[in-house]
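Keep the sequence and the 3D view side by side.

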Amino acid sequence: MESELVIEDLECVYKKPSTLTDTPLHYCPGCGHSIVHKFIMEVVEEMGIQETTIGVAPVGCSVFAYNYMNVDMQEAAHGRASAVATGIKRVRPDKFVYSYQGDGDLAAIGTAETIHTVNRGENILMIFINNAIYGMTGGQMAPTTLAGQVTSTSPYGRDVKQIGYPLKITEMIAMLPGAYYVTRQSINNVNSCRKLKKAIRIGFENQKLDKGTSFIEVVSNCPSGWKQTPLETMTWIEENMFPTYPLGDIKVSK
Amino acid sequence: MIRGTVIIGLEVCKGCELCISACPQESLGLSTHINLNGYKYAELIKDNCTGCINCAIICPESAITVYRQPKPARKTTPAEVTG
C-alpha cells in the first residue's frame, strides 16, 4: 500500500466514520446533505449506538439516505417521517430514533405531522435540512424560500405580498411545550460544522432523558438549485440566509 | 511545527473546493487532471500540512483521511524524515 509508506510514523487523527457505507454519494458536489450525513454517523460511531439506532429517511434529495447510513433505516412517505419515527419510538422506546428531513418534506407537505409530533413531545431527534428550495425537483420555490429569492417558479423573486413570507418553522415549534431542545446550526464553515456536530450529539443524548423532542435545523446549501459554485453558496448563506434564519439555540430546556 | 499529511480519495472527490478554502495553511489545491467521474480532484500541493483536520471536517464526500505527528512530539533525524 503506497499510502501507508508515507505516513508510517504519523497517527491517524481523522478518517471516514465506519458507520457510513462505501456507497458513492449521489449528491451534487459541495452539497450540505453529505456533510450532515457524515456528522450523524460520526456521532453514532462515537456514542457506540450503531446497533440501537433507527433512522427515518424522507422524500427529497436525501431519499437514498438509507444507502449511506449503516444503521437500521425506514423510508417514509413524503412529509411523514416524523410520524413514522413516532411509531418506531413508541414500539421500541429503548432505541435511538431520528428523522432526517428537508424543507419540502418537513416544512411543506409534512407541516401537520411535524407540529403534532413536537406538540406530543415525542422523544425523538428531528434533523431538518433547510436549503430554501426544492432541490430534487429542479429548484422550485419552497415555503422556506427567502423574500425576493429567484427560483425556477419565482423568476422575478419571491413576492411576499402574493405568496407569503418565509416559513420559520423552527421558531414556531420552539413555542410548543413538547419541544425540549430546539437549535439552528449551519454548515457554512468549519466552525459551524463543529457546532452542528455538538448539537447532533446533544440531540442523541437527550433521548436518554425522555423529556421531549429535540429539533435541529441545519441552514444548508443547494449549489445546483441556486446555480452557484459550492464556495459561492457558503458566502450566500452568510449574506442572505442568516438574516432570516439566525443561528443559535432557540430553546434549551433545563 | 507539527507535521501532518492528508490522503485524499481521488476517485471519491468531486472537486467542490470546500477543503481548499478551509485549509489555513493553503496546502491543498485542485488538480489539473480529472478522475474517472470527470471531476477535478483536490490534492496536496504544499508540504506544510499540520493535520488540523479542517479539510476533513468539511469534506462532503468523507474523502479525506488525516494523519498527524503523535503527541508528545517524536524527535526525528533528517535521515528518518527523508527515508
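How many bridges join β6(A) to strand β7 of chain A, and do the two run parallel or antiparallel? This is a predicted model, and the answer is read from its atoms. There are 7 bridges between β6(A), residues 179–186, and β7(A), residues 213–219, and the two strands run parallel. One point on this pairing is A:Ala179, which stands opposite A:Thr213 in β7(A). Strand β6 of chain A is mostly covered, with 8 of its 8 residues buried.

Now step back to the whole of chain A. Its secondary structure comes to 11 helices and 8 strands. The C-alpha atoms fill a box of roughly 60 × 45 × 30 Å along the principal axes.

Two helices of chain A show how its elements pack. Helix α4 (residues 81–91) and helix α6 (residues 111–120) of chain A meet at an angle of about 35°, and their axes lie 8 Å apart. From α4(A) come A:Ser82, A:Ala83 and A:Thr86; from α6(A) come A:Glu113, A:Thr114 and A:Thr117. By class, this contact holds 1 nonpolar, 4 polar and 1 charged residues.

Turn to chain B. This chain has 3 helices and 4 strands. From the N terminus, its elements run β-α-β-β-α-β-α. Of its 83 residues, 39% count as buried. Of the contacts in chain B with a separation of 6 or more, 65% come from residues 24 or more positions apart.

Where do the chains meet? In contact are 28 residues of chain B and 26 residues of chain A. On the chain B side, the elements that give two or more residues are β1, α1 (18–22), α2 (54–58) and β4 of chain B. That side divides into 14 nonpolar, 9 polar and 5 charged residues.

A sheet also spans the two chains. Its 3 strands form an open sheet in the order β1(A)-β4(B)-β1(B), with antiparallel pairing. Why is one side of β1 of chain A and of β1 of chain B left without a neighbour in the sheet? Both strands, β1 (11–14) of chain A and β1 (4–8) of chain B, stand at the edges with a single partner strand each, so one side of each has no neighbour there. Neighbouring strands of this sheet are turned by 35° against each other on average, direction ignored. Strands of a sheet pair through backbone hydrogen bonds, either parallel or antiparallel. Across the chain boundary, β1(A) and β4 (residues 64–68) of chain B pair in the antiparallel sense over 3 bridges. Here A:Cys12 has B:Tyr67 as its bridge partner in β4(B). A:Tyr14 stands opposite B:Val66 in β4(B).

The largest nonpolar core has 86 residues, of which A:Ile127, B:Cys19, B:Cys55 and B:Ile58 touch the most other members. Helix α2 (residues 32–47) of chain A gives the most to this core, with 7 residues. Take B:Cys55 from that list. Not counting residues up to four places away in sequence, B:Cys55 touches B:Val6, B:Cys19, B:Ala22, B:Cys23, B:Leu28 and B:Ile64.

End on a loop residue. B:Ser27 sits in the loop between α1 and β2 (28–34) of chain B. Is B:Ser27 buried or exposed? The cut-off for buried is 20 or more other C-beta atoms within 10 Å. B:Ser27 has 21 within 10 Å, so this residue is buried. Which residues does B:Ser27 contact, leaving aside neighbours within four places in sequence? They are B:Leu44, B:Ile45, B:Lys46, B:Asn48 and B:Cys49. B:Pro60 is 33 residues from B:Ser27 along the chain, and their C-alpha atoms are separated by 19 Å.

Technical notes: Residues are numbered from 1 along each chain as its sequence is written. Chains are lettered from A and ligands numbered from 1 in the order in which they are written. This is a predicted model: local features need pLDDT of at least 70, side-chain atom pairs count only at pLDDT 80 or more; totals for chains, interfaces and linings use all residues. Two strands pair if DSSP finds at least two bridges between them. Axes are lines fitted to C-alpha atoms, for helices over the stretch in contact, and angles run from 0 to 180 degrees between N-to-C directions. Two residues are in contact if their C-beta atoms, placed from the backbone, lie within 7 Å. Ala, Val, Leu, Ile, Met, Phe, Trp, Tyr, Cys and Pro count as nonpolar, Asp, Glu, Lys and Arg as charged, and the others, Gly among them, as polar. A residue is buried if 20 or more other C-beta atoms lie within 10 Å of its own, exposed if 12 or fewer, and partly exposed in between; C-beta atoms are placed from the backbone. A nonpolar core is a set of buried Ala, Val, Leu, Ile, Met, Phe, Trp, Tyr and Cys residues joined through C-beta atoms within 7 Å.
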